[in-house]
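Here are my notes for you to read alongside the model. Keep the structure open and find each residue as you go.

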Amino acid sequence: VKFLRHIERTKVLFHLIDAESEDVVRDYRVIHKELETYNPELVKKTEHVFLTKTDCVTPEEAKEKLAALKKAGIKAIPVSVLEPESLEEVKKILNKIKDEKGL
């Protein structure tokens with residue numbers, strides 16, 4: 001509950017979904033439902049979803065998981081520490097948030 005109270009103070013949510021998961025859509029929905037149950041306003045916040053550790057699965061598996069998320073209406077960005085271009089995408093998002101806040 002303490003963690004959920006902390007989330008109430010944030011403006012943007014980041015969901016990190018492990019590419020090694022058997023069901024990435026379920027993983028997202030479980031967290032989404034927990035947030036909604038705690039406070040329905042939380043699911044109205046801006047969110048970014050990342051499929052992490054994409055280097056730990058085959059490119060085909062990563063593609064299938066991204067497609068499953070997309071089919072469920074969840075736009076996810078693949079991220080791997082071994083792929084600098086994917087980390088650049090995360091930096092762009094963070095910089096945009098920073099610029100919008102005037103930091």
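1. Start with the surface: Phe14, Leu16 and Leu94 make a nonpolar patch of about 290 Å². A patch takes residues with over 30% relative accessible area and no salt bridge, joining like charges within 9 Å and nonpolar side chains (Val, Leu, Ile, Met, Phe, Trp, Tyr) within 5 Å. Accessible areas come from the Shrake-Rupley method with a 1.4 Å probe, and for residues only the protein chains shown count as cover. Phenylalanine 14 sits in strand β1 (residues 12–18) and is partly exposed, at a relative accessible area of 33%. For that scale, buried means under 20%, exposed means over 50%, and partly exposed is in between (1.4 Å probe, protein chains only).

2. A word on what you are looking at. This is a predicted model, where local features need pLDDT of at least 70 and side-chain atom pairs count only at pLDDT 80 or more, while totals for chains, interfaces and linings use all residues. Residues are numbered from 1 along each chain as its sequence is written, and side-chain values use heavy atoms, with hydrogens and water left out.

3. Now the sheet. In what order do the 3 strands line up? The order is β1-β2-β3, in an open sheet with parallel pairing. The edge strands, β1 and β3 (76–78), each pair on one side only. On average, neighbouring strands here are turned by 30° against each other, direction ignored. Strands are DSSP runs of E with at least two residues, helices are runs of H or I with at least four, and both are numbered from the N terminus. Two strands pair if DSSP finds at least two bridges between them.

4. Have a look at one pairing. Strand β2 (residues 46–52) joins β3 in the parallel sense over 3 bridges. Valine 49 has alanine 76 in β3 as its bridge partner.

5. Next, the helices against the sheet. Helix α2 (residues 24–38) lies across β1 and β2, at about 145° to β1. Helix α3 (residues 59–71) packs on the sheet too, touching β1, β2 and β3, and its direction makes about 155° with that of β2. Axes are lines fitted to C-alpha atoms (for helices, over the stretch in contact), and angles run from 0 to 180 degrees between N-to-C directions.

6. Is threonine 52 buried or exposed? Threonine 52, in strand β2, is buried, because its relative accessible area is 17%. Leaving aside neighbours within four places in sequence, threonine 52 is in contact (heavy atoms within 4.5 Å) with Leu16, Ile17, Asp18, Ala19 and Val79.

7. Finally, the charges. How many salt bridges turn up in the whole structure? The search finds 6, where a salt bridge is a side-chain nitrogen of Lys or Arg within 4 Å of a carboxyl oxygen of Asp or Glu. Aspartate 27 meets arginine 26 at 3.0 Å, N to O. Aspartate 27 is partly exposed at 23%, and arginine 26 is partly exposed at 45%.

8. Glutamate 88 bridges to lysine 91, with the closest N and O atoms 3.4 Å apart. These two are 3 residues apart in helix α4 (residues 84–101), so about one helical turn separates them.

9. One last thing to trace: Asp18, Glu20 and Lys53 are linked in a network of salt bridges.
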